[in-house]
Amino acid sequence: MRSRRKDLRQIRAKRIVDCISDAAHRWANADFTPRVRATQAVAERTGYSLPVVEYAFDQLFLPLIAETLENSIASEIGSLSALDDFIARPGKPDGHASPIGRVCIISSRTTIGVGLLPALYALCAKCDVTVKDRQDALVGAFFGTLAEEDEAFAHSARAQSWDGARNASRLTGFDVVVAFGTNRALQAIRGTLPADTQFVGFGSRASAGYVTAESLAQAETLEAIAAGAARDLVLFETEGCLSLHVLFLEVSAGLPPSFVPMLARHIELANAEFPIGQRDRSESARVASVRKTAEFRASTGHGAVYSDAACSYVLEWDPPTGEPPPLAPRCLAVIPVCNPQQAASYLRQHHLRLEALACSQRRTDVLEAGSDAGGVRLTRFGELQRPPAGAHHGGRPRIGDFIRWIDREI
Amino acid sequence: MSGYPEETTALDGELLRTMRSWRDGGHALHEDEFNELALRVFRYQLRYNEPYRQYCATLSETNRTLPSNWQSIPPVPASAFKDAILTTFDSARAALVFETSGTTRGRSGTHYMETNALYDEALLAGFNRAMLADGAVLRYFNLVPNPLERPGSSLGYMMAKVSARYGDGNTGWYVRAEDVRATEFLRDLGGAMAQGVAVCISGTAFGLVHILDVLGARKMRFVLPAGSRIMETGGLKGRTRVLSRENFYEELARTFGVPRESIVAEYGMTELTSQYYDEPASRAAAQRTKAGPPWLRSMVVDAAGNALPENIVGTLVHFDLANRGSVMAVATEDLAYASGESFVLLGRDADASLRGCSLDAEDLLPI
């Protein structure tokens, strides 16, 4: 008699969470062989330097502990047990968070690990998960470790290569499709899906920083703000939705305040900690062009530019506000504003929907402007690129998209 | 500005003579002739173009010595045309004012020209030698903005001049308010075919792809009269469906029934006065090379601005002596590699855009 294939529905949610936590613990060790292999592969794929990839892996796996996962799930659905059985809910019928079914996560050269987290939450929800990625070495390898923890993962979690055009028609049969990409790409994918497939798209977003006038007046805290902003800029070559793309200083235009050269100094320090990766020619050309443009403006008396001999970064003070931020590796526009409304107006003008805003202090009007601009994370400088494991990427629930509530009224 | 009119007249005279001599007799400039003229134009611009002078003053090497050869002339980034009025004259006196598209980077730039003489002569000579070596009189089908509607379009101005000078008097314009008028285009093309008149379809890649899509949807193909040709310009990324140049030309050749060699890419930019075209000898080759007229030269450089040897990819810097009234040396982000006196253009990417979490999301598109 053949034994039934074990899948995640047959094990308790707590066990799933523990397996993920244990696997993440193994991956948090920089010498863990699969991680060593994946580090090299991801560095080659992204062009990021090894310290950047190591940092990304640490940020991804270190916080993935059972308690964090349990808490983030419980905060959304009341209790981890709801994934196993009906639970009592005050003022509501008993409810069971049943798996929604088959989940597909599509990514193509995403920022490191961005597709992994939704996959893990979908697994916590006991869904059958397929991650389609063009060339990722990370997800498949991590799934391999999960399968070592419990064979049920081998049947419920798979990573497949994705060849875009040809695969696009093969998205039928999934209950949820999660995709990362530009709005145009997401629209195209959504168009291929059957009407009853739930689509979760993570589109283009930017992140910004805001240093208040009060902070600029406090010399003792400025160095820390500059160091944090520098790190937010250089990590992942300014490519992710959590990268610092534009920085607002609450100060009048004119000569750059001392904070700007201080920031340039800290960017150079951050460059030493996180060396620039392999830039392709087009990126190099763009960075060089950003610098030449800023130098030309500065020569005509507009703004100022900070860079280094290798053109590894470009910091432009007071560029024309009619122009969007450079969106090039380690390039940052620093814009003087009178108030947060002016910053919000700049973001609106350039159709920049925020993912996160780093702010130098907790000031209500700044945080409101950030959330009005779409921001779903309001945080400190230096934290932009370190979202908590339970953070709501794109403002979405972590597990809510992967469950189907069953209410028991009898 | 004492001496300006005299200097200007003398320089323009020399440039116009150079252009006509090439147009009529194919006379090219020797290296030392180009060098001498380029340095003259540079010194003139340093004297009379204040923003350029200021810019050069910030470049340390220029502070100490003037360049000794054309390759050392400091280029401005193409974006400088957005940030300053780059003229050797009062821009209020400009005879021609062209605007860059500015669609993706928010602001448009402006290229002011003091007279139309240099521009007209440069564009007509360039088009004549690159596109009309056989002396053909063609009917022009322009898939570019009509200058009557968009006077700031340098491409529209160019095609108006070309059509008026070299056309059969029945020029058609098929882009209005950014829309491609496919039905009118097809009706008029049918008319030209019925009369057996050879045509020149000129258009941006965007406009041509749109026409191909319309024809594809209607399952229509043509065999244009012998001698017909197509001039395309502009990049393939950003505004249209993603298509390799190879496939694009295949589709054009198949749909319009013209030999692939009769499809010629023009490479120009509003910030320049002169244009490059596919070299005739390379039009049948897989990798086409581009060449400009004798008064236009290019250099492929690395990110620090150093010249790169042949076959090494870098970005293009143009030295267009016909930019006499603005700045002759213009740096671009266009990727290319040098091949002899010419270059192979690799990419004119759309401007950087926000990528979200996916770094090459276009790969996800079901094409």
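Analyst: Strand E4 (residues 128-133) and strand E5 of chain A pair in the parallel sense over five bridges; two strands count as paired if DSSP finds at least two bridges between them. Within this pair, Asp133(A) stands opposite Ser161(A) in E5(A). Helices (H or I, at least four residues) and strands (E, at least two) are DSSP runs, numbered from the N terminus. The model is predicted: local features need pLDDT of at least 70 and side-chain atom pairs 80 or more, while totals for chains, interfaces and linings use all residues. Residues are numbered from 1 along each chain as its sequence is written, and chains are lettered from A and ligands numbered from 1 in the order in which they are written.

E4 and E5 belong to an open sheet of five strands in chain A, ordered E5-E4-E3-E6-E7, with parallel pairing. Its edge strands, pairing on one side only, are E5 (157-161) and E7 (198-202) of chain A. Neighbouring strands are turned by 15° against each other on average, direction ignored; axes are lines fitted to C-alpha atoms, for helices over the stretch in contact, and angles run from 0 to 180 degrees between N-to-C directions.

Helix H5 (residues 116-124) touches E3 (102-107), E4, E5 and E6 (176-180) of chain A, contact meaning C-beta atoms, placed from the backbone, within 7 Å. The direction of H5(A) makes about 165° with that of E4(A). Helix H8 (residues 183-192) of chain A packs on E3, E6 and E7, and its direction makes about 170° with that of E7(A).

Definitions and conventions: Contact = placed C-beta atoms within 7 Å.
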